[in-house]
Amino acid sequence: KRYVFAVSPHGAFASSWVLFLLPLVRFNPEFIRLNLVVGAASVLFNIPVLREFLLFYSCRPANRSTLHRLAKDGHSIALIPGGIWEQVNTDMDGPETVYVQANLGFIRLAMAHGLDLVPIYGFGENQIFRTHPWLGGARRWMAKSMRVGLPII
């Protein structure tokens with residue numbers, strides 16, 4: 001059985017992924033059986049040391065062609081549908097909000113390859129880091145114009 005795991009919220013750094021899920025994906029026999037690959041922002045693979053870290057922990061660029069190829073090759077896929085928008089709008093003191101991209105690409109991916117869709121919610125992810133609201137406008141502008149999320153904590 002193969003799945004698309006849709007995890008929310010992103011938080012400032014997607015910390016729950018790094019601390020809890022990525023080691024399980026690589027070393028836990030139950031996760032190894034799923035043949036799970038984690039989709040990450042493509043821009044992260046341009047940073048030399050971070051790229052090797054992500055590849056070691058079964059992360060791949062979360063673009064359409066890569067994700068469809070991985071699903072076709074028999075992988076389960078985990079990703080954060082809110083992506084950049086959840087990251088730049090993380091607010092430690094505000095209500096927990098889930099953002100989903102308008103094109104619903106993760107749902108289309110699951111439907112195209114017959115994968116079961118599993119929603120996952122990480123309670124407290126937004127409270128791990130305090131982001132500074134005085135740069136919120138700049139972070140949202142960068143996300144919209146450059147497609148880059150800049151977490152300023």
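Where does isoleucine 47 lie? Here are a few notes on that and on other spots.

1. Isoleucine 47 is in the loop between strand S2 (36-40) and helix H3 (48-56). This is a predicted model, in which local features need pLDDT of at least 70, side-chain atom pairs count only at pLDDT 80 or more, and totals for chains, interfaces and linings use all residues. Residues are numbered from 1 along each chain as its sequence is written, and side-chain values use heavy atoms, with hydrogens and water left out.

2. The protein chain has seven helices and five strands (DSSP runs numbered from the N terminus: H or I of at least four residues for helices, E of at least two for strands). From the N terminus, their order is β-α-α-β-α-β-α-β-α-α-β-α.

3. Isoleucine 47 counts as partly exposed because its relative accessibility is 43% (buried is under 20%, exposed over 50%, partly exposed in between, with a 1.4 Å probe and protein chains only).

4. Do have a look at serine 58, in the loop between H3 and strand S3 (59-61). Serine 58 counts as buried, at 16% relative accessibility. Apart from neighbours within four places in sequence, serine 58 is in contact (heavy atoms within 4.5 Å) with Val25, Leu36, Val37 and Val38.

5. Asparagine 103 sits in the loop between helix H5 (83-88) and helix H6 (105-113). With a relative accessible area of 41%, asparagine 103 is partly exposed. Neighbours within four places in sequence aside, asparagine 103 is in contact with Arg64 and Arg108.

6. For the chain overall, 36% of the 153 residues count as buried.
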